[in-house]
Structures are given as C-alpha cells and as structure tokens.
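This report describes selected features of the structure shown below.

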Amino acid sequence: MSQPQHYTPEFIKALAQAQPQVYAFVMTLVGQPDVAQDVLQETNTVLLEKAAEYDTSRDFVSWACGIARYKALSHFRDRKRDRHVFGEAAMARLAEAAGRRAAQVADRELALRRCIDKLSDEQQQLVVMRYGPDGSVTRIAAQVGRSANAVSVSLSKIRKMLAECVRQQVAPGGGVA
Amino acid sequence: MSVTQREIDAFQALVEKWLDERATAEEFAQIERAIVEHDELLEVYCDLVGVDATLSWQHRWLPKPAPADDGVLATMGEDLQTERARGGRARVALYRYAAAAVLLLIAGLAVTLWQRGGASQGPGAPQPNGSPEFATVTDTRGAVWEADAEPLGLGATLETGRLQLRAGVAELLTRSTATVSVLGPADVQMLGPNRCRLNSGRLVATVPEMAHGFTVETPAGTVVDLGTSFGVTVDRLGYTTVTVLQGSVEVRLADDDSAPVRLVAGEAARLALRERRVLPATFAATEYADVWTPHDALFGTGVGLQPGAADPHWRVTARSDDASFRARPATAESPIINVPETDTSRWISFDARGVVAVGVEVTFATTFDVAAGDTRQRIGMRYVVDNQLVAVRLNGETVPLTPKQMQDSTATGTLQRLNELLVIDRELAVGANTLEVVVRNTGGPQPTPVGLRAEFIRMQP
C-alpha cells in the first residue's frame with residue numbers, strides 16, 4: 001500500500017465550493033468555455049500545489065481568482081493564441097466585479113433556472129444544444145434546418161432575455177426575488 | 001457618466017459577437033474601453049457573460065450525474081444540510097456539481113504534477129520519484145477495514161496494493177476518472193490507472209467517456225467498460241457476476257481467446273470458469289442497492305406483471321389524435337423489442353399493444369407520494385421507448401431533454417436497450433406528484449405499437 005497523501009477536508013471543500021465562482025470569473029476574462037475550463041484546471045493545479053499555504057482566514061475565492069487572473073494571461077501567452085486578451089485595467093475591473101458577485105453565484109443559478117423555465121420549448125431546446133458539447137452555431141443550424149445567422153440571432157435574443165430576467169430576480173444585496 | 005439605452009444595446013451586440021468569437025480586434029478594444037470606463041456597461045458585460053458561464057458550466061463541464069456520485073458527495077453531508085437550510089436547492093446543486101468536479105480534478109492532478117517534475121513538495125504534492133498513484137479515496141461510509149489493512153481516509157491515494165474492506169462502502173476515483181464504489185466485505189487491488197482487480201466482494205464502476213476501457217479483473221475473467229455503469233460480484237466460490245446498470249461492457253473468461261461477450265444495460269451474466277462459458281444471470285440491480293438505489297415510491301413500468309395485466313401504477317392519459325381519449329390503466333406487454341426482462345421494469349402500452357398511426361403521441365403517467373422533508377431529491381430514469389421520447393413532465397413542468405435523449409430509438413438502434421440515465425432534478429411536491437412521459441410513434445406507414453419501459457433510481461439531492 002502506498003503512503004497516503006492527504007489534502008485537508010477543509011481545503012477540498014473550499015476548492016469544491018469555489019469552482020463555479022472561479023469558472024464564472026475566468027469566463028469574464030476569456031469568454032470561451034473551452035478556454036475557461038483549461039484556465040480553471042491550470043488554476044486548480046496551482047491551488048492544489050499551494051494547498052499547504054492555504055490560510056483558512058483568507059477568502060478562498062479571492063485567492064483563487066487572483067491566481068486565475070494570471071493563469072488566464074499566461075494561458076494565452078504560452079500558447080501564443082491569436083485571441084483578444086484584456087489589459088490590466090480591464091482585468092482589475094472584472095476582478096472587482098467578480099468579487100462583488102461571488103456571493104451571488106448560487107442565487108444567480110437559481111434565478112437562471114427559473115428564467116429558463118419561462119422560455120418556450122423551442123428556446124429551451126436551443127439552450128441545451130448550444131451549451132452542450134459540440135454546441136457550435138453551425139452544427140445547431142444544420143440540426144434544426146435553419147441558417148447559422150438565424151440561430152445566432154435567436155441565441156442572442158435568448159441570452160439577453162435570460163440576462164435581463166436574472167438581473168430582475170437577483171437583489172443587489174443577494175437573494176432571489 | 002451614464003450611458004443611453006442605445007449604447008447599451010450596441011454594447012450588448014458587441015459582447016454577443018465576442019462570445020460567438022466573431023468580434024474584430026477593434027470591437028474587442030471597444031468592449032475593453034467600455035468596461036473600464038462605464039460601471040453600467042461593466043455590469044451588462046458581467047450579466048451576459050455570467051449567463052454564458054452558468055449555462056456552459058451546467059451543460060458542458062459538470063460530470064454526468066451517476067449513482068456513484070451520490071456517495072462521493074455524502075462525505076460532505078453536513079455542508080449539504082447547512083447549505084439546504086441557508087440557500088435552498090441552487091446552493092445544493094452548485095455544491096454537488098462542484099464537489100464532483102473537484103474530486104475528478106484531484107484524481108487527475110497527480111499525473112499533472114509528476115509530468116511537471118518540478119512540482120512543489122507541499123503535503124498535497126506527490127513525490128516526483130514515487131511510483132504512480134492510481135486512485136484517490138473520495139468517500140468512505142461506515143467503512144470497517146480488515147484488521148491488518150491500512151485504514152484509508154478521504155483524499156488518501158492508492159498505488160497497487162489491496163484495499164480490504166470488512167464492511168461499509170469506500171469510493172475511489174481512479175486516475176482515469178472512473179468512480180469505483182467498493183461494497184464491503186471486499187478485497188480490491190488497483191493494477192493501474194484504469195484497471196483494478198476484484199478478488200472478492202462487490203463493486204460498482206461508473207465510467208465517464210474519458211475513462212473508456214476501464215477494466216475490472218476477477219478470478220474468472222475480465223470486464224471491460226464500453227461507456228457505462230456496471231456492478232461486479234465475486235462470490236465465495238469465485239464465480240463472477242456482471243450486472244450492467246447503464247451502457248454496455250464486454251466480458252471475457254480468464255485464459256480464453258474466444259471473442260468477448262457484450263452485455264448491455266439491463267443484462268447480467270455469470271463468468272463460469274469451470275464450465276468455460278459466460279452464462280446469462282438474473283439482472284438484480286438491487287444487489288448494488290448501497291450505491292444504486294431503486295426508487296422507493298416511483299415504480300418501474302410493469303413491474304412483476306404478466307402480459308396484458310393492468311399496471312396499478314401507470315396509466316395512459318392522452319393520445320394526440322383523440323381529444324376525447326379517456327385515461328386508462330397502462331398494460332404490461334410482451335417485449336415489444338427484445339430488451340431483456342428484469343426485476344425492475346418491463347414494457348407497458350395500452351389497448352392491446354397501443355397500435356397507433358405514425359406521428360401520434362401517447363402520454364404515460366404515474367403518481368407517487370413524497371413526504372414532507374423529502375422533496376429535495378433527484379430521480380434517475382432509465383428508459384427505452386417505442387419509438388421516440390418527446391417530453392417528460394414532472395407536475396406539469398417540462399424536464400429539459402437533450403437531443404440525444406430525444407433521438408428516435410428506431411433510427412439510432414437504441415430501441416434494443418435501456419438508455420442512459422435521464423436525471424430529473426426538480427423540487428417535488430409534498431404529497432402526490434405526477435410524472436408524465438410522452439412517447440411518439442415514428443413507425444412505418446401502417447399503424448404500429450407504441451410503448452414505454454422505464455425504471456427509476458433515487459439519487460442523493
């Protein structure tokens with residue numbers, strides 16, 4: 001039997017709880033789910049490497065988002081990706097906004113579920129297709145027999161409706177109306 | 001400086017383009033300037049991207065719910081209770097997803113760190129010169145270890161070596177991300193990142209796509225995953241029984257060069273080494289009830305009924321070509337298609353095999369009771385329909401279905417087996433709850449039968 005390696009339960013729990021918040025933050029920086037997932041994993045790797053340094057009195061999400069910020073930058077730098085990357089000022093603004101919103105992630109998820117229920121069946125189906133694996137607009141267009149542009153317009157409309165609906169439901173101080 | 005509605009609309013359009021990867025460098029620069037200079041546009045940006053982030057997180061990255069997940073998550077039961085009390089269902093859902101995701105992460109992390117070589121030497125970091133760790137203990141429930149076995153706690157990692165469990169359940173996440181629930185008494189040995197040996201006892205393996213090919217060796221042969229969840233039992237005589245809960249597997253007798261036998265969901269087989277044969281066995285999912293729990297209130301279709309008998313739990317409530325249709329009991333049917341009979345479900349239809357015209361939709365419904373305090377539960381539905389699943393509704397609310405779940409069973413060949421688990425994750429009502437399953441007949445030009453077969457497991461909230 002190998003020598004067991006341990007992460008403390010507190011650390012694992014904190015890391016688990018932070019996942020959606022850190023992912024949401026990374027998405028604001030990179031805008032693409034695939035890239036966001038890569039950056040999240042790279043961030044997690046660093047967090048686990050530094051598990052011993054975790055100070056339970058510090059806010060875990062802030063710590064994680066700080067690392068994620070640099071990981072997002074280095075992700076594009078290392079891969080020399082031809083992808084737009086926000087500069088420092090924008091990054092700082094986004095980090096600040098993410099910090100404000102971190103406590104609302106669960107409320108926003110709940111609100112979003114309610115908002116999705118208000119969509120038509122066809123719109124819900126588009127959401128499932130778009131955000132599932134391989135959910136490219138072109139692929140969806142081929143599946144539903146519409147033009148890519150028409151699908152794009154529909155998705156744009158849905159996204160705006162959902163964003164507005166969530167905004168109306170989530171109170172500024174937290175909680176769902 | 002406030003912004004006008006027109007500016008907000010224009011900005012939203014830019015963000016949409018960026019999210020769809022269609023924004024030019026100049027347009028991206030405009031977005032950047034806007035979020036730096038305008039608080040209001042920063043919030044608009046975060047709202048829009050936040051929707052995208054939540055949806056992609058939910059639909060793309062979360063591990064598929066599986067019964068084994070529930071056990072993993074039970075380790076954090078206290079937190080779940082707290083979260084329920086504080087924030088309700090959304091918090092619980094987020095926490096559950098995140099916990100599952102992070103456990104997957106931890107399982108895969110060791111490899112990353114080794115590959116890097118220069119990884120930190122903190123307590124969480126594997127030693128670069130150590131031999132590879134093949135699995136992580138992600139949960140233990142009532143685990144009692146054999147006297148001479150090393151007790152393993154949450155987060156402990158395993159190389160090769162035997163895991164000897166006298167009682168309880170221990171859950172492992174392999175480096176390949178398969179989940180292995182070991183049900184004591186059992187003796188298991190990890191042989192590699194995607195391979196283990198069950199010397200005795202029972203285990204349930206739940207294998208995501210990325211761990212395809214996960215293999216369980218037993219004294220009688222091997223079981224190779226083909227994308228699935230399956231149970232394996234090695235009894236005292238060394239007989240191996242394989243039960244496929246989802247997907248399919250291939251089984252092969254030890255030292256046998258003949259072609260492997262493929263088993264699909266709902267099938268079970270015994271590897272009879274002495275007889276040199278793979279023999280059919282009774283499908284008994286309840287054997288693995290510790291991690292695969294049949295729903296206690298929601299009955300599978302046609303359970304225990306003879307063909308033609310009225311199902312006391314299921315009824316047919318509507319057909320799309322007959323507005324005056326009156327609800328009536330569903331009836332158990334002979335296999336419409338050759339999906340093996342099990343102790344958990346059989347085909348149902350109505351009016352002598354429910355022969356209807358092509359395109360007609362038939363609604364099957366069942367009502368089940370839920371006690372106060374038990375309304376937060378997830379229901380897993382395994383099903384096969386003749387021919388196409390059109391909708392699932394719980395208390396009148398539509399359950400989102402994926403395109404795959406709505407595929408025509410005949411066209412895709414999935415009519416031959418129970419489909420992957422469909423997870424119904426909705427708040428239930430105290431008292432009576434109604435589940436409706438709408439099935440469309442897509443048969444040929446002549447009227448053909450329509451039918452449903454479904455069984456349910458209870459998943460942790």
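## Basis of the description

Axes are lines fitted to C-alpha atoms, for helices over the stretch in contact, and angles run from 0 to 180 degrees between N-to-C directions. Two packed helices are described by the angle between their axes and the distance between the axes. The model discussed here is predicted.

Helix α4 of chain A, residues 88-101, packs with helix α2 of chain B, residues 25-37. The angle is about 55 degrees, and the axes lie 9 Å apart. Because angles of 65 to 115 degrees count as roughly perpendicular and those under 35 degrees as roughly parallel, α4(A) is classed as oblique to α2(B). The crossing of these two helices, α4(A) and α2(B), is left-handed.

On the side of α4(A), the contact is formed by A:Ala89, A:Ala90, A:Arg93 and A:Leu94. The residues contributed by α2(B) are B:Glu32, B:Ile35 and B:Val36. By class, the contact of α4(A) with α2(B) comprises five nonpolar and two charged residues, with no polar ones.

## Chain A

Chain A has eight helices and zero strands, and its pattern along the sequence is α-α-α-α-α-α-α-α. Its length is 177 residues, of which 44% count as buried. Considering contacts in chain A between residues at least 6 apart in sequence, 66% join residues at least 24 apart.

## A hairpin in chain B

In chain B, strand β10 (residues 268-272) pairs with strand β11 (residues 277-280) in the antiparallel sense, over four bridges. Within β11(B), B:Pro280 is the residue opposite B:Ala269. Four residues separate the strands of this hairpin, and B:Arg276 takes a positive phi near 55 degrees.

Terms used: Residues are numbered from 1 along each chain as its sequence is written. Chains are lettered from A and ligands numbered from 1 in the order in which they are written. This is a predicted model: local features need pLDDT of at least 70, side-chain atom pairs count only at pLDDT 80 or more; totals for chains, interfaces and linings use all residues. Angles under 35 degrees count as roughly parallel, over 145 as roughly antiparallel, 65 to 115 as roughly perpendicular and the rest as oblique. A crossing is left-handed if the near helix is turned anticlockwise from the far one by less than a right angle, and right-handed if clockwise. Two residues are in contact if their C-beta atoms, placed from the backbone, lie within 7 Å. Ala, Val, Leu, Ile, Met, Phe, Trp, Tyr, Cys and Pro count as nonpolar, Asp, Glu, Lys and Arg as charged, and the others, Gly among them, as polar. A residue is buried if 20 or more other C-beta atoms lie within 10 Å of its own, exposed if 12 or fewer, and partly exposed in between; C-beta atoms are placed from the backbone. Two strands pair if DSSP finds at least two bridges between them.
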